[in-house]
Amino acid sequence: MTKKTRYFMAGSAAVLAAGLGTGLVAYYTGGFQPVSASPVATELRYVPADSALVAYADVRAIMDSELRARLKDALPMPEKGRQEFQTQTGIDIEQDIDYVVAAVAPESLHTAPLVVARGRFDNGRLEALALEHGGSVEEYKSKRLILAPAAHQEDAGAIDGIESATDAAVTHAKRSMVLAFLEPGLVAVGDTDAVKKAIDAQLSAHSITSNNEMMELVAAIGDGNNAWAVGRFDVLAAQAKVPAQLAKQLPAVKWFAAAGHVNGGISGTLRAEARDDVAAENLRDVVRGFLALARMQSASDPRAAALVESLQLAGSGKTVALSFTVPAEIIQMIPKAAGVQQQ
Amino acid sequence: MNEPTSASRPLRPAPSFLRSCLRVFDLSIGEMLWSRRTIFMLLVVGAPVLIALFLRALVALGAPIFEQTRNGATQFRMTGPAIFGMFVWVFYLRFTVPVLGVFYGTSLMADEIEDKTVTYLFTRPVRRGAVLAGKYLAYLGCTVFVVLPSVVLVYLLVVPMQGTLGASFIDLLKDLALLALGLAVYGALFAFIGAKFKRPLLIGLVFIFGWEQAALLFPGYLKKFTVAYYLQALVPHAMPNDSTMSLIQGIFRESPPLVVSLFWLAVIWVVFLALAAWIVERREYVLEQ
């Protein structure tokens, strides 16, 4: 074999190895997001692949928005609770949390959701606080978990008296709340099972990032919005124990997505992916009916009329989309209204 | 007086089949890789990479080529993994693999005969079958080391557009395995055609663009006498409906189970490679003056 041939083979093998290596790392870490992926790729890696609902909120952007400032002025909230929370935990909710991702597993609709928060946290202080209040610390796959005190005691009590406990009590006792330190600046709060499943999802790379269907929706609505939620409507409806009569009336929607941008005003989109074109058309008809009713009702109130006029029904095929805008001008009316009420 | 003469020096034993194979492989791979045929191969495997690069550049520049806005709602026509699947079907499976199989497989012995160099190989103390096996290994090395990196490059360029590399990694592994298998099976089949028939290239082209395409179009058992029928059953991606032929093939498409496909591909591979070696061992090649 000549030197030239050897170099060619080595080059080919290197390209092959580099590509396979990249794919392998991406497979095991769930990383390397799409070109237009949302900026929460790291957090999404902790969301299990089978989650029925995923939601995101850019807490910093919302806290810094004009809307929030106006609402704060109009409806002043007591500062005491927030300050007490900050004194105990060291977390200033307005400054220290950047964004949160929440997820709901299909089988745990009636328990606490998994919340993954990115921000600046004093891990030592949080751990000390939990221990001070009777909490306990355990390690799960090299991640530090703090079990909430009340649930922890309840858990122990229920396990001790498991024979006399009802099924519901046992279930509740097993589902204790946990705070987990996932990475520097990244914590997860939620039900023990949910948090452990989140850690497993990240380690085994079976996170929501491997669910192409959901990631497509996230990529579609994530851009330019500082809060969004994507979920399986059929799964949530099935788990919600809706009465059979009502369940029959529910539209045949598979996916739903809601996204909003909060700044001076609020703009948002509600999007539903129906099971088929006929179901989507039926849903569009229902929404059209509601819009007509709303227009009729709001005719006498110019502010409500402006809001209703901003509602735009869109979509084709299986997609139904409803967008709305609450202009800054309407938001600006809030302080005046509050002032009028006070007078 | 006691010095041994050349006449009494013992002959070195002929190398084993495997050693002969590897020696021919070593000799042939360079010849094969730097032949004029390689330019054609580079064009064939380079085209998908260039197209993928072009698509990626368009997306990077913000061209909404994979999405459409209808009544205010953004819809995705295709995602990166789906486009990658289409590339695998259209460029590699239906074209590159059979075409490279035909061009290289049929030429394994035909080139030596055409260049009248087959005598030099056959007068060496190696089995004729080992010559064919070594040349077949060189063909496999040559094509696999050119086709598979091209697939990997397309994967890296295309899949991240509205998709994730991690989620499509298993599909990539399946694609690489089935393309390598396709090259091996088509190579064995066309090595036999090259060893047996006089105009192997023509027969090969008729087989892949005539017989295989036609047999897959009709319902019935005819498709079982094609390689594509078993190979297409292994593809992890949805079959694209990019042409009328594809649509009709899609209608009559039956996918044999994985084990059945692998079994028949293995049978085709072993039988035709063995037949090719057997023919080369026994055939008397008459070089045209």
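How many helices and strands does the secondary structure of chain B come to?

Modeller: Happy to! Bear in mind that this is a predicted model. The secondary structure of chain B consists of 11 helices and 2 strands, and along the sequence the pattern reads α-α-β-β-α-α-α-α-α-α-α-α-α. Of the 289 residues in chain B, 43% are buried. Among contacts in chain B with a separation of 6 or more, 83% join residues 24 or more positions apart.

Now for the helix packing. In chain B, helix H7 (residues 169-196) packs with helix H8 (residues 200-217) at an angle of about 140 degrees, and their axes are 9 Å apart. The crossing of H7(B) past H8(B) is right-handed. On the H7(B) side, Phe190(B), Ile193(B) and Gly194(B) meet Pro200(B), Ile203(B) and Gly204(B) of H8(B). The residues of this contact comprise 4 nonpolar, 2 polar and no charged.

Next, the core. The largest nonpolar core contains 87 residues, and those with the most contacts inside it include Leu132(B), Val154(B), Ala188(B) and Ala276(B). Helix H6 (residues 128-158) of chain B supplies the largest share of this core, with 19 residues. Another core, of 62 residues, lies apart from it, and Val54(A), Ala117(A), Ile208(A) and Ala272(A) are among its members.

Finally, let us zoom in on Leu132(B). Leaving aside residues up to four places away in sequence, Leu132(B) touches Leu108(B), Met109(B), Ala191(B), Ala195(B), Ala276(B), Ala277(B) and Val280(B).

Notes: Residues numbered from 1 in each chain as written. Chains lettered and ligands numbered in written order. Predicted model: local features only at pLDDT ≥ 70, side-chain atom pairs only at ≥ 80, totals over all residues. Axes fitted to C-alpha atoms, helices over the stretch in contact; angles between N-to-C directions. Helix = DSSP H or I, 4+ residues; strand = E, 2+ residues; numbered from the N terminus. Left-handed = near helix turned anticlockwise from the far one by under 90°. Contact = placed C-beta atoms within 7 Å. Nonpolar A, V, L, I, M, F, W, Y, C, P; charged D, E, K, R; others polar. Core = buried A, V, L, I, M, F, W, Y, C linked by C-beta atoms within 7 Å. Buried ≥ 20, exposed ≤ 12 C-beta atoms within 10 Å, placed from the backbone.
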